[in-house]
Amino acid sequence: MFYTIIEQVVNGIISGSVYAIVAVGMTMIFGVLRAINFAHGEYYMLGTFGAWFAIEYFDLPYPVAVVIGVVATAVIAVVVGNLVMQRIVGASAEAGVLATLGVSLILQNTTILVFGGSYKFFSGGYIEPVSILGLTLAEQRVLIIIVGLVVFVGLELMVTYSRMGKAMRAVSQNIECCAVVGIDVRQIALWTFILGACLAALSGVLTAPVNVSVYGGMGELITFKTLPIIIMGGLGNVRGTFVAAMILGIAESLVATYVGLQFRDTVGFATLMLVLMWRPHGLFSAQARF
């Protein structure tokens, strides 16, 4: 029984790493734009389809397909960022919700129109088993944990020491003051959005070999899994997002094993309610953004 618990905790950490990579982009976008991006899961889906297309039609190796998936998503994010996201800087919350929901519908239905609505088999990735401390895991699952740690360390260094990171932190704290001192708020918002979309795409291409199949509606579930995470962690708080993602991943894994797989998708909002009853502002203060 102890071995089973440890195994499920490790599986939860793997799921939490996937959620964290997606959610950190979403929470950074909220911190700068003050808008929840309801289309965020679609970039997860686009990255996956980009990698699948590269493998299926050009027979490219998985590492190259990962790069293609992320780059293709970045190109789409540049277009969406210039046409939509920059325009909602300083706009009302309602405008942000409607704009991102519209983008979500367009991206999802365009993908289904181009590639069809059926499930596609994802043949790339590293599926060979590896034994670590008595636990047997697929190499891809180990890779997800490693990449998750690297992403968060890299983001921490970027927002702390780089010029762009400092500008992102400043805009997240006070847009008006940043505009007064000459920071291009719209440009910072654009680059933050592109970074968030690329992280979502990266998470998608890392998870695809584990999920095995890809389909046009796969982004919806990720969006609704991400929402409780960024709220639990404190909207706009990167470190809080990481902790909340790990809590959700482990909770989902334990519930699926000991309660029932059908209850897994309810864990996010159930955990969110419990956390908000204890700390209404989330695990970490929203004032401590980035």
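**Helix packing, core and selected residues**

Helix α5 packs against helix α6, residues 163-173, at an angle of about 80 degrees, and their axes are 5 Å apart. That angle falls in the range from 65 to 115 degrees, so α5 and α6 are described as roughly perpendicular to each other. Keep in mind throughout that this is a predicted model.

Which residues make this contact? From α5 they are Met-158, Val-159, Thr-160 and Tyr-161, and from α6 they are Arg-163, Gly-165, Lys-166, Met-168 and Arg-169. Sorted by class, the contact of α5 with α6 has four nonpolar, two polar and three charged residues.

Staying with α5, the next partner is helix α1. Here α1 covers residues 2-33 and α5 covers residues 139-161; their axes come within 9 Å and cross at roughly 35 degrees. The crossing of α1 and α5 is left-handed. On the α1 side the contact is made by Asn-11, Ile-13, Ile-14, Ser-17, Val-18, Ala-20, Ile-21, Val-24 and Met-28. On the α5 side it is made by Arg-141, Ile-144, Ile-145, Val-147, Gly-148, Phe-152, Leu-155, Met-158 and Val-159. The class count for α1 with α5 is 14 nonpolar, three polar and one charged. Met-158 and Val-159 of α5 are listed in the contact with α1, and they are listed in the contact with α6 as well.

Helix α2, residues 40-58, packs on helix α8, residues 185-211, at an angle of about 55 degrees, with 7 Å between the axes. These two helices are therefore oblique to each other. As for handedness, α2 passes α8 in a right-handed crossing. The α2 residues in this contact are His-40, Tyr-43, Tyr-44, Gly-47, Thr-48 and Ala-51. From α8 the contributors are Phe-193, Gly-196, Ala-197, Ala-200, Ala-201, Ser-203, Gly-204, Val-205, Thr-207, Ala-208 and Asn-211. By class, the contact of α2 with α8 divides into nine nonpolar, eight polar and no charged residues.

In soluble globular proteins, nonpolar side chains tend to be buried together. The largest nonpolar core in this model has 82 residues, and the members that touch the most other members are Leu-33, Tyr-43, Phe-122 and Leu-202. Which helix gives the most to this core? That is α8, with 15 residues.

Leaving out residues up to four places away in sequence, Tyr-43 touches Asn-37, Thr-73, Val-80, Val-103, Leu-107, Phe-193, Ala-197, Ala-200 and Ala-201.

Thr-192 sits in helix α8. Is Thr-192 buried or exposed? Its relative accessible area is 0%, so Thr-192 is buried. Beyond four places in sequence, Thr-192 touches Met-28, Ile-29, Val-32 and Met-168. Met-28 also belongs to the α1 side of the contact with α5, and Met-168 to the α6 side of the contact with α5.

Thr-241 lies in helix α10. With a relative accessible area of 0%, Thr-241 is buried too. Its contacts, again leaving out residues up to four places away in sequence, are Ala-23, Val-24, Thr-27, Ile-229, Ile-230 and Gly-233.

Thr-27 also turns up next to Gly-234. Where is Gly-234? It is in the loop between α9, residues 218-232, and α10, residues 238-258. Although in a loop, Gly-234 has 0% relative accessibility and so counts as buried. Apart from residues up to four places away in sequence, Gly-234 touches Thr-27, His-281, Gly-282 and Phe-284. Gly-234 and Phe-284 are 50 residues apart in sequence, yet their C-alpha atoms are 5.2 Å apart.

Last, two backbone points. Asp-59 has a phi near 55 degrees, a positive value in a residue other than glycine. Asp-59 is in the loop between α2 and α3, residues 62-83, and at 67% relative accessibility it counts as exposed. Val-212, which is not a glycine either, has a positive phi of about 75 degrees. It is found in the loop between α8 and β4, residues 213-214. Val-212 has a relative accessible area of 36%, so it is partly exposed.

That is where I will stop.

Definitions and conventions. Residues numbered from 1 in each chain as written. Predicted model: local features only at pLDDT ≥ 70, side-chain atom pairs only at ≥ 80, totals over all residues. Heavy atoms only, no water. Axes fitted to C-alpha atoms, helices over the stretch in contact; angles between N-to-C directions. Helix = DSSP H or I, 4+ residues; strand = E, 2+ residues; numbered from the N terminus. Parallel < 35°, antiparallel > 145°, perpendicular 65-115°, else oblique. Left-handed = near helix turned anticlockwise from the far one by under 90°. Contact = heavy atoms within 4.5 Å. Nonpolar A, V, L, I, M, F, W, Y, C, P; charged D, E, K, R; others polar. Buried < 20%, exposed > 50% of the residue type's maximum accessible area, 1.4 Å probe, protein only. Core = buried A, V, L, I, M, F, W, Y, C linked by side-chain atoms within 4.5 Å.
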